[in-house]
Amino acid sequence: MLTDQQRRSRGPQELAEIARDLRIAMLKMLHKAGSGHTGSSLSCIDIITALYFSEMRHYPFDAEWTGRDRFVLSKGHAAPALYVALQRAGYISEQTLDQLRQLESVLQGHPDSRRCPGVEASTGSLGQGLSVAHGMALALRDHPEQPRVYALLGDGELQEGQIWEAAMSAAHYHSANLCAIVDHNGLQIDGVVAEIMSVEPVDEKFRAFGWHALTIDGHDFAQILQALEAAQNCTDRPTAIVAKTIKGKGVSFCENSVAWHGKAPNAAELSAALAELTGSRGE
Ligand SMILES: Cc1ncc(C[n+]2csc(CCOP(=O)(O)OP(=O)(O)O)c2C)c(N)n1
Ligand SMILES: [Mg+2]
């Protein structure tokens with residue numbers, strides 16, 4: 001088990017290696033399950049890696065410690081990305097990954113906080129996670145450990161009105177311990193966000209609601225870590241990090257493809273994806 005300092009000292013290279021391992025584990029898990037959201041999960045796995053393996057204070061051996069930082073996967077359909085991170089962090093066993101989407105499994109198609117250790121909120125109905133996260137942030141604002149709360153949102157999800165109610169309320173209460181990260185991949189379930197219902201300009205919208213907002217490359221670990229630090233250093237307002245991402249990132253035939261939003265790789269696709277990700281390592 002790492003100390004806080006060891007966890008925080010992980011650099012971009014080490015995080016990139018963890019993320020690659022997580023992509024591999026996730027694709028195998030999705031293939032075995034035969035269904036699940038491949039593109040949506042590949043899109044945000046770098047952000048989740050930076051949170052769980054560098055940024056957040058959390059201790060799987062003491063998962064209920066009240067001073068822990070919290071993560072809410074508002075875009076709950078990307079559950080596979082969260083599950084492989086929880087497994088690597090030590091909340092669930094490797095064998096559990098074989099049970100994705102099975103009846104009664106702890107790994108439901110969308111995260112269930114009553115079943116799965118480490119899951120802070122049950123999500124999947126888009127639009128609700130920022131409100132849940134803000135509720136947590138309000139409840140924790142006077143905690144001596146100053147826990148922080150992170151919510152990961154989809155860009156299509158921003159079309160939900162409740163997101164903006166939460167944004168308004170978090171600014172009103174100066175909830176600086178709240179950080180929203182938007183997985184800005186430009187696609188939703190059935191097409192291009194800008195064509196279906198544009199949400200632009202996302203950063204300006206959050207600023208207009210009273211937030212500190214910044215835009216980064218959501219696959220560049222140095223930028224992700226810097227943005228998370230900037231969020232911590234902002235002490236009077238919540239922060240929104242608009243992370244420009246590629247849906248399906250890391251597997252060429254999944255990248256920027258609406259078709260890969262919610263399907264799992266078959267055997268041939270899995271082996272092609274693993275060949276790309278393992279490259280010269282020859283796994
Ligand atoms: C309230 C609600 N409406 C519809 C859905 C079905 N749905 C699942 S994913 C998705 C698209 C989400 O797009 P985006 O937020 O951009 O996430 P991405 O997968 O691109 O990261 C939709 C409409 C849902 N889960 N919840
Ligand atoms: Mg999207």
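Trainee: Which residue of S2 stands opposite Phe71?

Mentor: Tyr150 of S2 stands opposite Phe71. Keep in mind that this is a predicted model.

Trainee: What makes S1 and strand S2 a pair?

Mentor: Two strands pair if there are at least two bridges between them. S1 and strand S2 (residues 149-154) have four bridges, in the parallel sense.

Trainee: What holds paired strands to each other in general?

Mentor: Strands of a sheet pair through backbone hydrogen bonds, in a parallel or an antiparallel way.

Trainee: In what order do the five strands of the open sheet run?

Mentor: The order is S1-S2-S3-S7-S6, with parallel pairing.

Trainee: Why are S1 and S6 said to stand at the edges?

Mentor: Strand S1 (70-73) and strand S6 (212-217) each have a single partner strand, so one side of each has no neighbour in the sheet. On average, neighbouring strands of this sheet are turned by 20° against each other, direction ignored.

Trainee: Which residues of H5 and H6 meet?

Mentor: From H5 come Leu130, Ser131 and His134. They meet Gln162, Ile163, Ala166, Ala167, Ser169 and Ala170 of H6. This contact has five nonpolar residues, four polar and no charged.

Trainee: How do you know that H2 and H10 are roughly antiparallel?

Mentor: Look at the angle. The axes of helix H2 (residues 12-33) and helix H10 (residues 267-278) cross at roughly 175° and come within 10 Å. Angles over 145 degrees count as roughly antiparallel. H2 and H10 are therefore roughly antiparallel to each other.

Trainee: What residues make the contact of H2 with H10?

Mentor: H2 gives Arg20, Arg23, Ile24, Leu27, Lys28 and His31. H10 gives Leu270, Ala273, Leu274 and Leu277. Together they divide into six nonpolar, one polar and three charged.

Trainee: Last, ligand 1. Which residues around ligand 1 come nearest?

Mentor: Ser40, Gly154, Gly156, Glu157 and Gln188 come nearest, out of 19 residues around ligand 1. Helix H3 (38-55) and strand S4 (187-188) each supply at least two residues of the shell.

Trainee: How many residues of that shell around ligand 1 are nonpolar, polar or charged?

Mentor: Three are nonpolar, eleven polar and five charged.

Technical notes
Residues are numbered from 1 along each chain as its sequence is written. Chains are lettered from A and ligands numbered from 1 in the order in which they are written. This is a predicted model: local features need pLDDT of at least 70, side-chain atom pairs count only at pLDDT 80 or more; totals for chains, interfaces and linings use all residues. A residue is near a molecule or strand if its C-beta atom, placed from the backbone, lies within 6 Å of it. Ala, Val, Leu, Ile, Met, Phe, Trp, Tyr, Cys and Pro count as nonpolar, Asp, Glu, Lys and Arg as charged, and the others, Gly among them, as polar. Two residues are in contact if their C-beta atoms, placed from the backbone, lie within 7 Å. Axes are lines fitted to C-alpha atoms, for helices over the stretch in contact, and angles run from 0 to 180 degrees between N-to-C directions. Angles under 35 degrees count as roughly parallel, over 145 as roughly antiparallel, 65 to 115 as roughly perpendicular and the rest as oblique.
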